Amino acid sequence: MKFPDIKTTLPGPKAAALIGVDHNHVSPSYTRIYPLVAEKGEGLWIHDPDGNTFLDFTAGIAVCATGHCHPHVVNAIKEQANKLLHMSGTDFYYTSQITLAEKLAHLVPGDGSNKVYFGNSGAEAVEAAFKLARWYTKRELNLAFFGAFHGRTMGALSLTASKTIQKKYYNPLIPGITHIPYAYCYRCPYHMSYPECGMECVRWVEDTLFRTTVPPEEVAAIFVEPIQGEGGYIVPPPEFHRELQKIAKKYGILYVADEVQSGMGRTGKMFAMEHFGVVPDIMALAKGIASGMPLGAMVARSDIMVWEAGSHASTFGGNPVSCSAALATIELLEAELMENAKIRGEYLMTGLRELQKSIECMGDVRGKGLMVAVELVKDRDTKERATDWRNEVIQKAFQKGLLLLGCGENSIRFSPALTVTVEEIDVCLSIFEESLREVAG
Ligand SMILES: Cc1ncc(COP(=O)(O)O)c(C=O)c1O
């Protein structure tokens, strides 16, 4: 079995020198939580400049779906780079963008009559969805959720309700957005229990919100993550999206699924919405779509994507190399990786649930496929958030060579490449357990 190999104190001398330069010249707005300098990656393994080897359960924030530098993706990138680096899909046509658009149009749930807008990131995909929803409905209001993360450009940020630091000093943002409680059953915002609650969080939208403050006829769209990502990998009950979409349809409101983090096979299905049997009107994609090459896509039914030439575009969006990387990525997802995400996800979840039996602070273990999180609490009854323990566990794991990231206020996420093996999960579980026991006894 392969294990992380930590040869120096962390950061090692070369990494420390680079970080010193970084601190002088790179924006301090980034949120590096531990001093990892990634020099080289292969599969789930990251090597730093000092010869240390780490096991990566972050996949670069759930991006490198096929593992670091998968040869099939790297070859597709090389081939495309030798042919055409850029031409701009805004003003010209080229093969890889057209081929990818056709592929995505059929991949996204629905009858295949979809059209695709290409950008460079998740925020751009959401931004495009925001603009298209306004363009199509000619309505000004929108709903989004507390805990949601949709990106950091001003439009996407206006939909975001994750952490106030992300909004501080940036007001005024785009008006007309009402944030509503998500179906976070472990901490039900209505202090009820599923299923006796009768999906109060959905009923409240129609019974209270639409009768008191938000006229539904003025709402363009509901923006929703199928499984809330940065908010804590929160999986809503099976009927949540179906019930909410029913209300949306009743009032001509578009249902916009932000699949930036949950999409592209990570949950064991190509898109997380498929677990809920819901076909959204618009979908935002990015992260895992191109194995690390920058690409965002907004997919909508062709009867919705009717905006006219000049109404939205991007110079770099749908870059030929990124599109080729996406096509190679999708081939791998369809061939085996989506299935692997399902099977290995169950294995990971079983392992974590086993640990939960004897580790009190593991309040909640949740997820789908390889979108898995553990919520740490000081006490299982009071559910007091163990944010400090969460942060310490991540630091300990790093020192032992396991890369993890947090999500929500007090959760740890497990979002490895979809190529992850049983052995790699076993190593992750053993380092996680050791770190957890050291921090929380
Ligand atoms: C659900 C979701 N939407 C949008 C974004 C923004 O993506 P990007 O950072 O590529 O702009 C993220 C990023 O974490 C995300 O998780």
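Which polar side chain lies 2.8 Å from the backbone oxygen of Lys-383? The side chain of Arg-187 does, through one of its polar atoms. The notes below start from there. Keep in mind that this is a predicted model.

1. **Where Arg-187 sits.** Find the loop between strand E6 (177-180) and helix H7. Arg-187 is in that loop. Its relative accessible area is 17%. Buried means under 20%, so Arg-187 counts as buried.

2. **What Arg-187 touches.** The side chain of Arg-187 makes a polar contact of 2.7 Å with the side chain of Glu-375. A polar atom of the Arg-187 side chain also lies 2.8 Å from the backbone oxygen of Lys-383.

3. **A buried pair.** Now follow Glu-375 to its salt bridge with Arg-366. The closest N and O atoms of Glu-375 and Arg-366 are 2.8 Å apart. Are these two residues buried or exposed? Both Glu-375 and Arg-366 are buried. Salt bridges with shared partners link Arg-187, Asp-364, Arg-366 and Glu-375 into one network.

4. How many salt bridges does the model have? The count comes to 19. The next two points look at examples from helices.

5. Arg-203 and Glu-200 join their side chains in a salt bridge, at 3.0 Å from N to O. Both residues belong to helix H7 (residues 200-212). They are 3 residues apart, about one turn of the helix. Arg-203 has 39% relative accessibility, so it counts as partly exposed.

6. Lys-246 pairs with Glu-243 in a salt bridge. Here the closest N and O atoms are 3.5 Å apart. Helix H8 (residues 240-250) holds both residues, 3 residues apart, about one turn of the helix. Lys-246 has a relative accessible area of 54% and is exposed. Glu-243 has 28% and is partly exposed.

7. **Around the ligand.** Which residues surround the ligand? Go along the chain in groups. Ser-121, Gly-122 and Ala-123 are there.

8. Look at the oxygen atoms of the ligand. A polar backbone atom of Gly-122 is 2.8 Å from a ligand oxygen. From Lys-287, a polar side-chain atom lies 3.2 Å from a ligand oxygen. Glu-230 also places a polar side-chain atom 3.5 Å from an oxygen of the ligand. How much of the ligand's accessible area does the protein cover? On its own the ligand has 390 Å² of accessible area, and the protein covers 82% of that.

9. **A nonpolar patch on the surface.** Finish on the outside. Met-154, Tyr-169 and Tyr-170 make up a nonpolar surface patch. Together they have about 410 Å² of accessible area. Met-154 is in helix H6 (residues 154-159). Its relative accessibility is 44%.

Notes:
Residues are numbered from 1 along each chain as its sequence is written. This is a predicted model: local features need pLDDT of at least 70, side-chain atom pairs count only at pLDDT 80 or more; totals for chains, interfaces and linings use all residues. Side-chain values use heavy atoms; hydrogens and water are left out. A residue is near a molecule or strand if one of its heavy atoms lies within 4 Å of it. A polar contact is a pair of N or O atoms within 3.5 Å; within protein, one must be able to donate a hydrogen and the other to accept it, and residues adjacent in sequence count only if both atoms are side-chain atoms. Accessible areas come from the Shrake-Rupley method with a 1.4 Å probe; for residues, only the protein chains shown count as cover. Patches are made of residues with over 30% relative accessible area and no salt bridge: like charges are joined within 9 Å, nonpolar side chains (Val, Leu, Ile, Met, Phe, Trp, Tyr) within 5 Å. A salt bridge is a side-chain nitrogen of Lys or Arg within 4 Å of a carboxyl oxygen of Asp or Glu. Helices (H or I, at least four residues) and strands (E, at least two) are DSSP runs, numbered from the N terminus. Buried means under 20% relative accessible area, exposed over 50%, partly exposed in between (1.4 Å probe, protein chains only).
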